[in-house]
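Here are some questions about the labels used for a protein structure. Each answer sets a value against a rule.

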Amino acid sequence: MNFLTIPLTFVIGLSFLLSASHIKSKYISKFFYCIGTFGVIIAMYIAWPK
């Protein structure tokens, strides 16, 4: 389960980060940047050895 969660969360976060740069609306792009950054940070937290 954890093996599948890490790449899935990371890819979703990266896709939000990449799509945010193509959106014209200022508020929606900031929202996508926040979601993408949060997703990438969560994936790194999950992958961090405990």
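Helices are DSSP runs of H or I with at least four residues, numbered from the N terminus. The model discussed here is predicted.

Q: Where does Tyr-45 lie?
A: Tyr-45 is part of helix α2, which covers residues 26-47.

Q: Why is Tyr-45 called exposed?
A: Exposed means a relative accessible area over 50%. Tyr-45 has 57%, so Tyr-45 is exposed.

Q: How many aromatic pairs does a search of the whole structure find?
A: The search finds two aromatic pairs.

Q: What makes the pair of Phe-16 and Phe-32 edge-to-face?
A: Ring centres must lie within 6.5 Å to pair, and planes over 60 degrees apart count as edge-to-face. The centres of these two rings are 5.0 Å apart and the planes stand at 90 degrees, so the pair is edge-to-face. This pair links distant parts of the chain, with Phe-16 in helix α1 (residues 2-20) and Phe-32 in helix α2, 16 residues apart.

Q: Why do Phe-16 and Phe-32 count as partly exposed?
A: Buried means under 20%, exposed means over 50%, and partly exposed is in between. Phe-16 has a relative accessible area of 24%, so Phe-16 is partly exposed. Phe-32 has 21%, so Phe-32 is partly exposed as well.

Q: Why is the pair of Phe-31 and Phe-32 called tilted?
A: The centres are 6.4 Å apart, within the 6.5 Å limit, so the rings pair.

Q: Which residues do the ring pairs link into a cluster?
A: The cluster consists of Phe-16, Phe-31 and Phe-32.

Terms used
Residues are numbered from 1 along each chain as its sequence is written. This is a predicted model: local features need pLDDT of at least 70, side-chain atom pairs count only at pLDDT 80 or more; totals for chains, interfaces and linings use all residues. Side-chain values use heavy atoms; hydrogens and water are left out. Helices (H or I, at least four residues) and strands (E, at least two) are DSSP runs, numbered from the N terminus. Buried means under 20% relative accessible area, exposed over 50%, partly exposed in between (1.4 Å probe, protein chains only). Rings of Phe, Tyr and Trp (its six-membered ring) pair if their centres lie within 6.5 Å; planes under 30 degrees apart count as stacked, over 60 as edge-to-face and the rest as tilted.
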